[in-house]
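Dear colleague,

Please find below the structure that I am passing on to you. My notes on it follow directly after.

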Protein chains: 2
Amino acid sequence: MPTLTFVPPEVFESVWTSGKGSPETRAAAFADLARVNTLSMVMQAGSGHLGSSFSALDIVSWLYLTRLDVYGGGSAAPLAATFFSSKGHDAPGVYSVLTASRRLDPALVHSLRRLGGLPGHPDVHTAWVEANTGSLGMGISKAKGMIAADRLQGRGQPIYVMTGDGELQEGQNWEALQGAANRGLGELTVIVDHNKIQSDTWVRRVSDLGDLEAKFAAFGWAVARCDGHDLTAVAAAIEGLEADPRPGVLVADTVKGRGVSFMEEFPADGDFYPFHSGAPDVDTYGRALAELTTRASALLADLDVELDTYGIETPDRAPATGGKLVDAWGAALVARAQRDEKVVALDGDLLLDTGLTEFSRRFPERFIECGIAEQDMVSQAGGLALRGMRPVVHSFASFLSGRPHEQVLTNSTEGTKIIYVGSLAGIVPGGPGHSHQAVTDVASFAAVHDLLVVEPTHPDEVAPMLDLLLDEHAGSAYVRLTSPPVDLGFAWPADTPRIGVGTVLRAGTDVSLVGAGPIVLRELWAAAADLDGRGISAGVVAMPWANSLDEQWWQGVIDAAPHLVIVENHVPAGGVGSHLLMRTALTGWHGRSTHLAVRGVPASGGNDEVLQRHGLDVRSIVEAVARGRSSR
Amino acid sequence: MPTLTFVPPEVFESVWTSGKGSPETRAAAFADLARVNTLSMVMQAGSGHLGSSFSALDIVSWLYLTRLDVYGGGSAAPLAATFFSSKGHDAPGVYSVLTASRRLDPALVHSLRRLGGLPGHPDVHTAWVEANTGSLGMGISKAKGMIAADRLQGRGQPIYVMTGDGELQEGQNWEALQGAANRGLGELTVIVDHNKIQSDTWVRRVSDLGDLEAKFAAFGWAVARCDGHDLTAVAAAIEGLEADPRPGVLVADTVKGRGVSFMEEFPADGDFYPFHSGAPDVDTYGRALAELTTRASALLADLDVELDTYGIETPDRAPATGGKLVDAWGAALVARAQRDEKVVALDGDLLLDTGLTEFSRRFPERFIECGIAEQDMVSQAGGLALRGMRPVVHSFASFLSGRPHEQVLTNSTEGTKIIYVGSLAGIVPGGPGHSHQAVTDVASFAAVHDLLVVEPTHPDEVAPMLDLLLDEHAGSAYVRLTSPPVDLGFAWPADTPRIGVGTVLRAGTDVSLVGAGPIVLRELWAAAADLDGRGISAGVVAMPWANSLDEQWWQGVIDAAPHLVIVENHVPAGGVGSHLLMRTALTGWHGRSTHLAVRGVPASGGNDEVLQRHGLDVRSIVEAVARGRSSR
């Protein structure tokens, strides 16, 4: 049970109000203290983004202290300017400033990524958070709308937007820039946290940005550039931009992981930067903390402030167990590519999270890293397919089903075959928050012409499904993958997948429990066991196909029991449940149906918390079965 | 009954093979002949894009003649290079070249926008068309994928992609450019048809592009610029780009409507360019034709080629009658804005087609023209709403439901209210082709948190619906508008709209016919009359709400008759039918259901042809009712 170290708000306030040194010196000390809390918040949450919180924190602290006047007028008074982070995954750093300054309840520092606490990415339902971000590239556009509203209402204040550098690969940024220049939105200052490393590796390896200053200048913006950790230089640069009637951008050269020596280094012998996301182990935490507190103590000594801290005991993190679909996918794709030279994999800066590491090493010539540019990626896949290749496109389900939807639709009209693979599908993990919790992805893809949507439950299904999609279906497909490892609690039958046919895992005569994916099936299986104890005979069926159905097989499922309960890790509209219920209605079946699905915006929190909140846990399923029986 | 003039393929071939003059001179003469056929094609079709076909045709002709070697090796031989138009709406011009050169059957010149003929935007199922375009900004990405495939397969040829200039407002272009430079895709040459006018008006008025050459250079491309109608200059510029190892772009300064004096002029006293889309009237056609043939005759005389032509009689176009939802929407929005100062309208370069002309004149300060940048538009709306305004976002349904889908989703998590309005929804008009036929838009929007989807049928519904959405629903909404004027054939009852409740237009005891929107309701009403004659009593219900339902009202509808037939102008998945059938299944209703919806890629053709092809016409509905009865 490690003890985590936090800095209380009084120390932050003492630093800022010490009156010693320049505002920039005090802001830098403040930022180092904020790094301590950020580190411990991520450690307590068990996940979160340290590297880019640290690269941004000097500027974020300086903005809140000098431009937003975070200590001005009490914790409820309006801030003097607007700031938000477009990249969003630096939320722990921002929270550390807001809790330190008591703009947020300081106790919230211990509730990162917990239900009712601070979500993994920014959400406006948290006080002083100005925009929901984390889905990249939207911040400049959002700020343009805010400025238009402010002007119409005869008020207005400066708006500062922080972006990542990898984030600039998103086309929306460049869509947004020209209009801001044309409309003379001088209120707007964008700061690019140019730490040169995106999720997995160097920006220049993923999709080099070229001459950023020339780009912004060509789009009509005032441009400045400086060391983003030299706050004197930052202050001068931003003052220059503020004086310019054009919208301004500061390209701030920063260091990812800034403040902890070993987090500032890109491993010389490695392909990947290790501190983009995730919590460190206990030993690494201790070493990072020691560096941060040593440096902060020295800075605070200059300001005559003592570094008080307090400790919080946190439980050891249980090691993850269970199968991972993403790993099975990666292995299946490698195996397929070995005997199928037409297979090309495309990735949107999520190599590690989409299972493509091995593929990218084994088949570098057939691996296209597209960067954070999903529209470009999907249309490139269209071009590859038109010329006879079999492109397999990877991203998180949220991004792949949202950003490039019109590109997917256009590809679908060309009669080619493209496999889209969305990982991190569904409502868990609940930590990252709704920008990363894909619960409308099936609705997007299931409506696309001649495109099969499939969600496997067990790793063993994945390889035969890939072959099925490539060899037996003429059109395209969307493969929906949940990411957490799952212990299903039951053995998987060695059936060969068939299109439109699910897997009956156990028979039952009172109720048929139907769902897709390991999260849901684990709950259904446990619910069935619970129902056994109540004398209710529950069948459990995994139905991976969300928009195709073997009607004869399905008739057998619904005829087996008078009550059909469909549970899905997706909103009610457009998912597997709506499809099955629609098809059931067309059969004229006379049973009773219940549909449990995700309603409302996905909550951010622990996985169990989130499943329970959204009524997808064992208890909710058992209760739904009981309600269905009592109302018959 | 006007007679249309066409130039036969022999004349084109004689021009190119005359051996007189330079290739550039002959290509220019060829292009002028192609303008004659393009003009007559659009006239025969009754719609199509003249202005940008004409601005592009000199370069398009030159590319096909010199780079693709369209006359080389017979009409089935591979072309020497790849060309496609990313903007896509210049398809008539491209078709005129392909039919002139006999790469396409010359008879197809008379089948523009007809079923089985040449679709309004490019489709790969037409010979020699390389990519489906028309949904803007995808061309450069597509070409990148083609080049990757060509390289992997050890073959390769130059690829030329034509873009519009307004099209460059789409962020995907800028997403695509950097990767092409980083990967050294020297095979790729992009030509910007820089005619300075987008759909409605000057590019500089909509969203000025700034210094285009500097932009492309900043993204790492080789850049050239010249007069796009001076083919000697074009040839030199493209040769220079081809010799450069970088991907190259030619910014070609062109004139929209080039070749017809009065189509080259932007009306001095007008706000809008009149020849972007649509067929001219008979008199205008005659004047344009006279100019083109006079000039072509002179050019051909220099080449010792005689200008033979042939005539095709075409029926007079019937004037459109019936109500237009888009006009009603525009009027309702103006009325609302007069008493509600929070209303702000946003447009994506479709002012005339979304009914916003009057609004933009009356409330210029509350009208934001975003250009062809839907992602930026939707996120701006998010920013406006966060600051207390009521943004109303307009585009075509295809574009609004596709391109900015992740932005819509993100906005939905912020708890604000935004009204999205998609016009040109559904399968008709059938002329433009599938890029403009929105049949998955409801599926996209209906899954969004707290967002109501509504499709009015009658213009009288529109204003009260707008008030309902703004005043009685806390969340956002998507208003789906079909664009063609429709004579419904029945009077509209003066009911006040209520959320989740439809309008029973007539009662019936044998079958309930349910649908949304004027196209479907016109067919349902006529089908009910037909069924009367067969002794079948059919109720007709307009159900505008695609994801909300008053269960008591619905129970009344389904209990009225034992057969429920839902007809929808949308794919089966995720639309009003899937919602109603899902909800019906959950009631345990014991009747029989039938679902007619759009299956397959929407066909391009005349409106009646398309409705019949997709089984949404009166006869298909009557047959479905009869089948349902016989199988009971």
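In this predicted model, the copies meet through the same surface, because 100% of the interface residues of chain A are also interface residues in chain B (contact means heavy atoms within 4.5 Å). Chain A is superposed on chain B by a rotation of 180° with 0.0 Å of shift along its axis, at an RMSD of 0.0 Å (least squares on the C-alpha atoms of residues with pLDDT of at least 70 in both). The two copies are thus related as by a two-fold rotation axis.

Within chain A, five strands form an open sheet with parallel pairing, in the order E2-E3-E4-E6-E5. Strands (E, at least two residues) and helices (H or I, at least four) are DSSP runs numbered from the N terminus, and two strands pair if DSSP finds at least two bridges between them. Strand E2 (82–85) and strand E5 (222–227) of chain A each have a single partner strand, so one side of each is left without a neighbour in the sheet. Strands E4 (residues 188–194) and E6 (residues 248–253) of chain A are joined by six bridges; one of the pairs is Thr189(A) with Gly248(A).

Residues are numbered from 1 along each chain as its sequence is written, while chains are lettered from A and ligands numbered from 1 in the order in which they are written. Local features need pLDDT of at least 70, side-chain atom pairs count only at pLDDT 80 or more, and totals for chains, interfaces and linings use all residues, while side-chain values use heavy atoms, leaving out hydrogens and water.

With kind regards
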